[in-house]
Amino acid sequence: LSALHVLPPGFVESSCRSRIFWMKLNKLLLQGKFFQLEINDPYAGPILLDEKLASRCGYVLSEDVWGNPVFRASVLGCHVANEADELFSLTVNIKVSSFSSMRAAVTYTYPMYCSYSSWASREIVCEENYMEVSVKTDIPAVSNDYTVAWMSALPETQNVAYQLWQLMFVSPSGRKRIMVSDAAKLGYSFNNTLSRVYLRAPYHSNESDVSTVSGVNMNMVTSTSMYRQRWLLLLIDTTVSCPVDGISFTETTLTWTVPSVIPTLVVQESTFLSKNILMGVNGQVIVNPEEKNYLLEHNETHIAITIPIGAEGGKLKSSISGGEYGIIYNIDLFLEHTWADADWQTTKYTVIKSITTPFMPQIPTVTNNTLPEERLFNVAFGHFLPDVSLVAIAIGNMPFTLREAQHHGFRLYETPFSNRTKGFILEVSFDDPYVLKEYVNRNETKYTLLINYTISVGPEMTLYYHSAEVDCVIADIELPEAVGYCDKENLYLAIPSFGLHQYWNLYLGNKLLNRHIALTNGYLAATNSTHLILQIPLFAVGVTYEEVSFQKIKARFDVALRKMRTMETLKMFSVSCSFNSSAFISKLYNRSINKKTCDSFLEFIIHSLIFSVCHPDGTVMISAQMKTVPAIDMSKTKLRDSSCKPREYNEGHAFFKFHVTTCGTSVRFEGDHIIYENEISYEKEILPGQSIPKITRDPDYRLTVLCYYRAKETLVLGAFTSDPSTSPPFGSGTMIPRSNIAVHRRIRQALNIVSRVSKDESFMEFYEPNTAILKRPVEPVFLEVELKDESPDTELYLENCWVTRSLDFNSTPRWNITVDG
């Protein structure tokens, strides 16, 4: 036998609520322990409480919404001491052990007392696990209006044993008459007190039936209790009916519905009169439900209680279902309805209902409160109920316990939110090694924090995992600024080396400007702790000659700064200087350079003091120094078209500037190159002499000029290739300006003439107006010009068609498609 002990303070709380014993145990004093309840029978001793005993004897063992064990017992329970149907007592043994086998248990004996005298003529209690009806025995058993129905039972009563109670059940399967002792074996409990008879029945017994009343399913046991003495036959209606559903939910509320009038309990509905309706939570009557946002409504057919999910008096509980986090709301309600009718003076109808909502998924929210100016991620993870705790995190792919996370330098703490929820705040520096960093846009870094949370949910400590990704883009990278300068023979670019080969690369045209390209093209590259310094000789590959004249050569060198991954051009670094042209030409001459020299983009031909430049737009500039004896009149030099004379000249120099489509320039294709050719000539000149014959210069003086362009390459100005084999063409529809916007097809519409460009030779599908068209030099352009004027005196002659870089008709340069058509 276990020893008896004194109850710990605050362990047990009890009360008498209406006609129910109510006892609650403090779960905090039971943590990690097991307990059992025994009913202390004054004659038989302790009886272990189990489910079968509970439903038969009027006991309920459950938990309240806070998880505290709750024991309820009817004052008419099996082992309750009854004094004159007014004073009731029940003693319970509470056994507590550290072992599931309950060995070495500590036993606490706890007596409870209840006073209840305001009995109604009939009282019905619908508990969670049983139905109970009790009636006074001093009322007539059969009403006059119900005689026919009751008399049908009289033949059965002839066999009722004297001075013994028997029960007769009426169900769809027929009638069944049994002794009280046999009824106990079926789970029923029947007894009588000084002034009352009561029947307690389990839900869904064989003798029960289910019917629908006003949309609510009711479990009903129709029974008559019979007692016969020599001079008395007592028939008592002990029918009981209780709701088994009537619960409905929305996203925000739960509603419990009970019928106002139950036909099996009110035979003469015309005499029904509702007297009082009360609702309660946790066994306590709520006097003003609206103050707690509860809604109690009733009409002729229904009584409805509506509770907001999460309302005071209930409890929200975290749960995991199917790997999802969610919540469940539970509240213990009761409804007490008192009515009168002609058959029963007063009926008090009490229903106790514990309602739990279905699982409601709640996707946790991740709020990015990052502080870019402090370079600090601040991430809030919530909202959670108090029964959730954070147990671990993973940053990137690295797991951390909370202790390890704090030690590493992460800051983790809880924060309260509204509506009694909480969240978890995580702070991580942008510079933490587990933060992903990516260079984006022009000068920005994208910092990405990958988080995997592990939380423990509920008293079951179920683990739940949630991943999140937050990022922040800040402009914390400074694009380099280059410095350019020149000396007498070279151009220089000094470029900051920070970020090079980490974020960006330098490109010369479409080729990566590495050490090999630099050496191949004749550049000198030097680095110090802060800068890369490029030295580019004036006549090196990639130099652009913007102006060539007698006095100067204006040269420019461009390098593109491009993103490593996307190849997007972010900046063009340029250095532009003017050089003394005569000094360079003389130097070239003194070196006796008599062979043709080609630059990747510009072609130089030096032949007998000739310096020529072929521009990408088809413009050719030639500076010729001719030292002959006798001297040549430079004003009389010309190109193939004799009308093309020098633009400037003096005694020994002539300067020509022309377009490759003029001055008799010829064109031919060799492989994948277009070659334009012209020549400077000086016609035979008769020299004065003192006698015949005359002296002539023979043969004619001729110098050939050649320009090479690659036929199948799209040109991006400022991005130059590095050898003659990749020289771009001077133009056509493939030209793209610096903005990287393709050349616009210009739609010219004058009067009633419309021009369109077809996509192929079928002239069935045309390009939309104001769209860019990209064409290579060798590709045909299918142009349609339509005269819409129907006048017979109007004719269409196609004269000139050309392409320009802009929508301006008069913009230059321009590339002819048809001339004098």
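Reader: Which residue of β27 stands opposite L316?

Author: Y329 stands opposite L316. This is a predicted model: local features need pLDDT of at least 70, side-chain atom pairs count only at pLDDT 80 or more, and totals for chains, interfaces and linings use all residues. Residues are numbered from 1 along each chain as its sequence is written, and side-chain values use heavy atoms, leaving out hydrogens and water.

Reader: How many bridges pair β26 with β27?

Author: Two strands pair if DSSP finds at least two bridges between them. Strands are DSSP runs of E, at least two residues long, and helices are runs of H or I, at least four; both are numbered from the N terminus. Strand β26 (residues 315–321) pairs with β27 over seven bridges, in the antiparallel sense. The two strands form a hairpin, with two residues between them. In its turn, G322 has a positive phi of about 60°.

Reader: Which residues have a positive phi without being glycine?

Author: Most residues other than glycine have a negative phi, and most peptide bonds are trans. A104 has a positive phi, near 55°. N282 also has a positive phi, near 55°. A104 sits in the loop between β8 (87–97) and β9 (106–115). N282 sits in the loop between β22 (273–281) and β23 (284–285).

Reader: Is A104 buried or exposed?

Author: Buried means under 20% relative accessible area, exposed over 50%, partly exposed in between (1.4 Å probe, protein chains only). A104 has 66% relative accessibility, so A104 counts as exposed. N282, at 23%, counts as partly exposed.

Reader: Which peptide bond is cis?

Author: The bond from G382 to H383 is cis, with omega near -5°. H383 belongs to strand β31 (residues 376–384).

Reader: What is the strand order in the open sheet of four strands?

Author: The order is β1-β2-β6-β5, with antiparallel pairing. β1 (12–17) and β5 (59–63) stand at the edges with a single partner strand each, so one side of each has no neighbour in the sheet. β1 and strand β2 (residues 20–25) share six bridges, in the antiparallel sense. There, S14 has M23 of β2 as its bridge partner.

Reader: Which residues have the most contacts inside the largest nonpolar core?

Author: In soluble globular proteins, nonpolar side chains tend to be buried together. A nonpolar core is a set of buried Ala, Val, Leu, Ile, Met, Phe, Trp, Tyr and Cys residues joined through side-chain atoms within 4.5 Å. The largest here has 84 residues, and I307, Y349, I393, L426 and L449 have the most contacts inside it. Strand β27 (residues 324–340) gives this core its largest share, seven residues. Another core, of 38 residues, lies apart from it; L479, V559, L561 and F655 are among its members.

Reader: What is I307 in contact with, leaving aside its neighbours within four places in sequence?

Author: Contact means heavy atoms within 4.5 Å. With those neighbours left aside, I307 is in contact with T252, T253, L254, M279, Y294, Y329, I331 and L333. Y329 also stands opposite L316.

Reader: Where is H653?

Author: H653 is in strand β53 (residues 653–659). At 18% relative accessibility, H653 counts as buried. Beyond neighbours within four places in sequence, H653 is in contact with F550, A624, Q625, M634 and E648.

Reader: How many helices and strands does the chain have?

Author: Seven helices and 63 strands. Of the 821 residues, 48% are buried. Among contacts between residues at least 6 apart in sequence, 59% join residues at least 24 apart.
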